[in-house]
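Keep the viewer open as you read.

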Amino acid sequence: TAIAHGASGCCGLFERALAGDEDPGADGEDADSDDDDGISEAVAGTPWTYEVRCWAHSAQLILHDVAKKNKTVCAAFACLNRIIQVHSTRAKRLELNKLQTDEGGPVLQLVQPAVTRWNSNVRSCVRVLALWRFVSTTMQTAKSPLSDDDCRAIRIAVCVMLPVAWMPDAI
């Protein structure tokens, strides 16, 4: 309901602006109040310039905070970060590519999660699972072996996150 309330407040502001109201916030609401429905005046003296907070980004931040409270998801993120870090070198990426080429299948790259996009962690985890055999081999040669628990944590994290991963894109 907070999202619906914020969206209706946002639409109301733009409707008033399109109707030609001199001051869209003139109905007695303070645009800088704590209850501003996600809208605040961005530039003083410029009444038609407003900052509209992105609901998708807010959802990303909420989902990220919730995921950080789950120990299995945290373990999966830690494993994912370790895999990405090891494969950040050109030599490891080439080793990963060679293993895939030797099998004759398509060559896929690891997907690095974006700091500001929670659902990019889901995409990264899914790609790691698709490349698990090859990644396990390259991690072994890097003397940072992966365990069955690492794989299990990433699988559980994907199962937990996947049903809501689409939400920020849909908002």
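Start with α4 and α6, which pack at an angle of about 135° with their axes 10 Å apart. Axes here are lines fitted to C-alpha atoms, for helices over the stretch in contact, and angles run from 0 to 180 degrees between N-to-C directions. That angle makes α4 oblique to α6, given that under 35 degrees counts as roughly parallel, over 145 as roughly antiparallel, 65 to 115 as roughly perpendicular and the rest as oblique. The crossing of the two is right-handed; the rule is that the near helix is turned clockwise from the far one by less than a right angle, while anticlockwise gives left-handed.

Before going on, some ground rules. This is a predicted model, where local features need pLDDT of at least 70 and side-chain atom pairs count only at pLDDT 80 or more, while totals for chains, interfaces and linings use all residues. Residues are numbered from 1 along each chain as its sequence is written, and side-chain values use heavy atoms, with hydrogens and water left out.

So who meets whom between α4 and α6? On the α4 side you'll find Lys 92, Glu 95, Leu 96, Leu 99, Gln 100 and Glu 103, and they meet Arg 133, Phe 134, Val 135, Thr 137, Thr 138 and Thr 141 in α6. Contact means heavy atoms within 4.5 Å. By class, this contact of α4 with α6 has four nonpolar, four polar and four charged residues. The classes are simple: Ala, Val, Leu, Ile, Met, Phe, Trp, Tyr, Cys and Pro are nonpolar, Asp, Glu, Lys and Arg are charged, and the others, Gly among them, are polar.

Stay on α4 (residues 90–103) for Asn 97. Asn 97 has a relative accessible area of 19%, so it is buried; buried means under 20%, exposed over 50%, and partly exposed in between (1.4 Å probe, protein chains only). Leaving aside neighbours within four places in sequence, Asn 97 is in contact with Val 107, Leu 108 and Gln 109.

Now compare another pair. Helix α3 (residues 71–86) packs against α5 at an angle of about 70°, with the axes 11 Å apart, so α3 and α5 are roughly perpendicular. Here the crossing is left-handed. Phe 77, Leu 80 and Ile 83 of α3 meet Asn 121, Ser 124, Cys 125 and Val 128 of α5. The residues of this contact divide into five nonpolar, two polar and no charged.

As for α5 itself (residues 119–130), its twelve residues reach 17 Å from first C-alpha to last, close to the 16 Å expected, which is 1.5 Å times one less than the number of residues. Its buried residues include Asn 121, Ser 124, Cys 125 and Val 128.

Back on α3, look at Arg 82, which counts as partly exposed at 26% relative accessibility. Not counting residues up to four places away in sequence, Arg 82 touches Met 139, Ser 144, Pro 145, Leu 146 and Asp 150. Arg 82 and Met 139 are 57 residues apart in sequence, yet 9.3 Å apart in space, C-alpha to C-alpha.

Lys 143 has a positive phi of about 60° although it is not a glycine, and at 74% relative accessibility it counts as exposed.

Zooming out, the protein chain has eight helices and two strands. Helices (H or I, at least four residues) and strands (E, at least two) are DSSP runs, numbered from the N terminus. Buried residues make up 34% of the 171 residues.
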